[in-house]
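The following account leads the reader through a structure, from its overall form to individual side chains. Please keep the sequence and the coordinates in view while reading.

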Amino acid sequence: MPRLALYALAVCVLAVVAAVVSFARGSWLGIVWILMLGVASNIAWYYVRKAKNDKAAAAAGR
């Protein structure tokens, strides 16, 4: 798995924890963390797909 995808997954996990803590304290700021979770998960998914496609293209180009 690409390094940037791992970093994005780490941000996803931290955003979930931050959202849970925020909502548990009664703050609506957790919505911002949920939005960040969505962006980070899309970034992770993008880099995983990109690595998979690059690997397939390299194998086909041989």
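**A walk through the model**

At 42% relative accessibility, Asp-54 counts as partly exposed, a class that lies between buried (under 20% relative accessible area) and exposed (over 50%), computed with a 1.4 Å probe and protein chains only. The model is a predicted one, in which local features need pLDDT of at least 70 and side-chain atom pairs count only at pLDDT 80 or more, while totals for chains, interfaces and linings use all residues. Residues are numbered from 1 along each chain as its sequence is written, and side-chain values use heavy atoms, with hydrogens and water left out.

Asp-54 has a charged partner: its side chain meets that of Lys-50 in a salt bridge, with 3.3 Å from N to O. The term denotes a side-chain nitrogen of Lys or Arg within 4 Å of a carboxyl oxygen of Asp or Glu. Side chains of opposite charge can pair when their charged atoms come close. Because Asp-54 and Lys-50 are 4 residues apart in helix H2, about one helical turn separates them. Lys-50 is likewise partly exposed, at 37% relative accessibility. The structure holds 1 salt bridge.

What secondary structure does the protein contain? There are 2 helices and 0 strands; helices (H or I, at least four residues) and strands (E, at least two) are DSSP runs numbered from the N terminus. Helix H1 covers residues 3-24, and helix H2 covers residues 30-60. The C-alpha trace spans about 55 × 15 × 10 Å along its principal axes. The radius of gyration is 16 Å, whereas a compact globule of 62 residues would have one near 11 Å; the radius is taken over C-alpha atoms, and the globule rule is 2.2 Å times the number of residues to the power 0.38.

Of the 62 residues, 16% count as buried. Ser-22 in H1 is buried, at 9% relative accessibility. Leaving aside neighbours within four places in sequence, Ser-22 is in contact (heavy atoms within 4.5 Å) with Ser-27, Leu-29, Gly-30 and Trp-33. Among contacts between residues at least 6 apart in sequence, 53% join residues at least 24 apart.

Leu-29 and Trp-33 also belong to a nonpolar surface patch with Val-11, Val-32 and Met-36, which together have about 420 Å² of accessible area. Patches are made of residues with over 30% relative accessible area and no salt bridge, like charges being joined within 9 Å and nonpolar side chains (Val, Leu, Ile, Met, Phe, Trp, Tyr) within 5 Å. H2 gives the most to this patch, with 3 residues. Met-36, in H2, is partly exposed at 40%. The accessible surface of the protein comes to about 4900 Å², with 71% belonging to carbon and sulfur atoms, by the Shrake-Rupley method with a 1.4 Å probe.

The structure also holds 2 aromatic pairs. Phe-23 and Trp-28 form an edge-to-face pair, 6.4 Å centre to centre with 80° between the planes. Rings of Phe, Tyr and Trp (its six-membered ring) pair if their centres lie within 6.5 Å, with planes under 30 degrees apart counted as stacked, over 60 as edge-to-face and the rest as tilted. Trp-28 is exposed, at 67%, whereas Phe-23 is partly exposed, at 36%. The ring planes of Tyr-46 and Tyr-47 stand at 75°, with centres 5.1 Å apart, so this pair is edge-to-face.
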